[in-house]
Amino acid sequence: MTETKIQIIEGLRQRSPKSQREAFELFGSNVWAQVVRIVSRQEDAEEIYQDVFVKAFNNIDRYDGEKASFNTWLLRIAYNEAVSFLRKGKAKTVYLNDYGNIIDNISEEETERIIGKPDQETIQMIRSAIRHLTPEEQALITMFYYDEMSLQDIAYITETIPSTVASRLCRTRKKLCTIIKKIQS
């Protein structure tokens, strides 16, 4: 960890307004990206974004640099806040059991063919299909593909283990393929 980040964290522990501003400046764009990819409505995302930092500043003593980087810790808070917000709402999601055993019949080869190296048209369909996923699935897809996070970091953020993340990612990719196929038909 750089000296600047260490100073910011120590300043946050001392409730320094200057360190709070520096934390916003240094980590704000990553937190914003995490929130806005899960919660698309601007006003809601802004409120959640602020809540993330308030929660982080109020709970700074719980941060453990041995478990994760400060950025990853903040993204964990952002993930939890955004998903909690969506759970309270009435967003239309499609659950795995809505498709019965259909996703089990999709092979990894078919999944890779449909969403592996997407063209512009497929990217648009993926964006449309993502809206039908649960908040947790949306977050998983965005962290892995958009943010290019490691399975280890995603596991920390979602409070699971890397093998569980890999399994959920596999099932969510198959679900996306099923939704895309439905959109195309």
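The model is predicted: local features need pLDDT of at least 70 and side-chain atom pairs pLDDT 80 or more, whereas totals for chains, interfaces and linings use all residues. Residues are numbered from 1 along each chain as its sequence is written, and side-chain values use heavy atoms, with hydrogens and water left out.

The secondary structure comprises nine helices and zero strands, where helices (H or I, at least four residues) and strands (E, at least two) are DSSP runs numbered from the N terminus. Of the 185 residues of the chain, 43% count as buried. Among contacts (heavy atoms within 4.5 Å) with a sequence separation of 6 or more, 69% join residues 24 or more positions apart.

A positive phi is also found at R15, which is not a glycine and has a value of about 65°. R15 is located in the loop between helix 1 and helix 2 and, at 42% relative accessibility, counts as partly exposed.

Helix 8 spans residues 151-158, of which I154, A155, Y156, I157 and T158 are buried. The cover over these buried residues includes helix 2 (17-38), helix 4 (70-88), helix 7 (135-146) and helix 9 (162-184). The axes of helix 8 and helix 9 come within 8 Å and cross at roughly 95°; axes are lines fitted to C-alpha atoms, for helices over the stretch in contact, and angles run from 0 to 180 degrees between N-to-C directions. The two helices are therefore roughly perpendicular to each other, a class covering 65 to 115 degrees, with angles under 35 counted as roughly parallel, over 145 as roughly antiparallel and the rest as oblique. L151, Q152, I154, A155 and T158 of helix 8 meet P162, V165 and A166 of helix 9.

The axes of helix 2 and helix 7 come within 9 Å and cross at roughly 135°, and the pair is therefore oblique. The contact involves Q34, R37 and I38 of helix 2 together with Q138, A139, T142, M143 and Y146 of helix 7.

The largest nonpolar core has 48 residues, and those with the most contacts inside it are V31, F70, W73 and L74. Such a core is a set of buried Ala, Val, Leu, Ile, Met, Phe, Trp, Tyr and Cys residues joined through side-chain atoms within 4.5 Å. Helix 4 provides the largest share of this core, ten residues. Leaving aside neighbours within four places in sequence, W73 is in contact with A56, N59, I60, R62, Y63 and Y156. T72 is also placed in helix 4 and counts as buried at 5% relative accessibility. Not counting residues up to four places away in sequence, T72 touches D153, Y156 and I157.

Definitions and conventions. Buried means under 20% relative accessible area, exposed over 50%, partly exposed in between (1.4 Å probe, protein chains only).
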